[in-house]
Amino acid sequence: MAGSNEEKSIEAIFFDAVGTLFRLTRTVGDHYAYVGREIGLDLDAPALDRAFHAAWQQMPQRAAIDGPREDDDRGWWRELVDLVLDQVVPSLSELDRDNFFEVAYEHFAEAGVWELYPEVPEVLKELQPRFQLTVMSNFDGRLRFVLRHLGISRFFANIFISSELGADKPDPEIFRRAVKLLNLHARQVLHVGDDSQRDWAAATAAGLHVFQLKRPKNSLRDLLTSLKL
């Protein structure tokens with residue numbers, strides 16, 4: 001975190017979304033198993049969870065492009081889901097895969113799937129009068145529904161999403177583009193996130209200040225302390 005003289009120059013705070021502001025109510029595998037039951041499949045939640053995390057690591061980093069990515073990244077998510085299903089139910093028909101994806105895509109935008117970390121509302125309420133608050137996420141357009149369901153969308157002046165900016169964390173370009181859109185200098189922005197590469201390293205490479213969120217060792221309440229609020 002920046003020193004006291006630099007802290008005074010911070011005008012905007014970027015927040016990562018998942019793992020920083022909110023989390024799933026259950027494991028990814030549990031949610032995928034629920035989706036399976038919705039279309040008549042009996043799938044093992046722990047196996048789905050392992051498969052998801054393995055598939056997440058397999059997805060290649062994409063180069064930044066000019067303008068938004070096609071179809072709000074639905075194709076990227078479909079590729080990820082197919083990798084999961086390849087590991088758990090490789091013989092699943094194309095029709096069942098289509099049904100699974102469509103139900104899953106809608107499911108992860110629903111109320112009750114995500115929950116706020118306990119301190120988030122009070123911290124955002126404290127910060128909003130003093131800083132321009134922005135969400136900076138590798139999510140897609142569904143994020144706006146999630147933030148609305150969770151009751152915190154009102155705190156944010158901007159929601160920057162990788163599918164719309166055409167660049168994904170950990171590419172520092174996503175931060176550069178967001179800072180430019182706000183007409184600020186990088187050193188006027190603090191990024192808050194929980195991922196060492198996608199948040200800390202990428203934002204630092206773009207010239208931003210960084211608050212390293214390391215739950216459960218710290219929380220967003222420690223952000224208030226670091227800003228001397």
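1. Helices here are DSSP runs of H or I with at least four residues, numbered from the N terminus. In this predicted model, helix 3 supplies four residues to the lining of the largest pocket, the largest share.

2. The largest pocket has a volume of about 1,100 Å³. Its lining comprises 39 residues, of which Val18, Phe52, Trp56, Trp77 and Arg198 are the closest to the pocket centre. By class, 21 of the lining residues are nonpolar, seven polar and 11 charged. At least two lining residues come from each of strand 2 (22-24), helix 2 (28-38), helix 3 (45-58), helix 4 (74-88), helix 5 (94-107) and helix 10 (196-205).

3. Helix 2 packs against helix 3 at an angle of about 115 degrees, the axes being 7 Å apart, and their crossing is right-handed. Helix 2 contributes Val28, Gly29, Asp30, Tyr32 and Ala33 to the contact, and helix 3 contributes Ala45, Leu48, Asp49 and Phe52. Six of these residues are nonpolar, one is polar and two are charged.

4. Five strands form an open sheet in the order 5-4-1-6-7, paired in parallel. Strand 5 (158-161) and strand 7 (209-212) are the edge strands; each has a single partner, so one side of each lacks a neighbour in the sheet. On average, neighbouring strands are turned by 25 degrees against each other, direction ignored.

5. Strand 6 (189-193) is joined to strand 7 by four bridges; histidine 191 has valine 210 of strand 7 as its bridge partner. Helix 9 (173-181) packs on the sheet, touching strands 1, 4, 5 and 6, and its direction makes about 150 degrees with that of strand 4. Helix 10 lies across strands 6 and 7, at about 165 degrees to strand 7.

Conventions:
Residues numbered from 1 in each chain as written. Predicted model: local features only at pLDDT ≥ 70, side-chain atom pairs only at ≥ 80, totals over all residues. Heavy atoms only, no water. 1 Å grid on protein atoms, 1.4 Å probe; cavity = no way out; pocket = protein on both sides within 12 Å on 5 of 7 lines; lining within 4 Å. Points joined across faces, edges and corners; volume = space filled by probe spheres on them. Nonpolar A, V, L, I, M, F, W, Y, C, P; charged D, E, K, R; others polar. Axes fitted to C-alpha atoms, helices over the stretch in contact; angles between N-to-C directions. Left-handed = near helix turned anticlockwise from the far one by under 90°. Contact = heavy atoms within 4.5 Å. Pairing = 2+ DSSP bridges.
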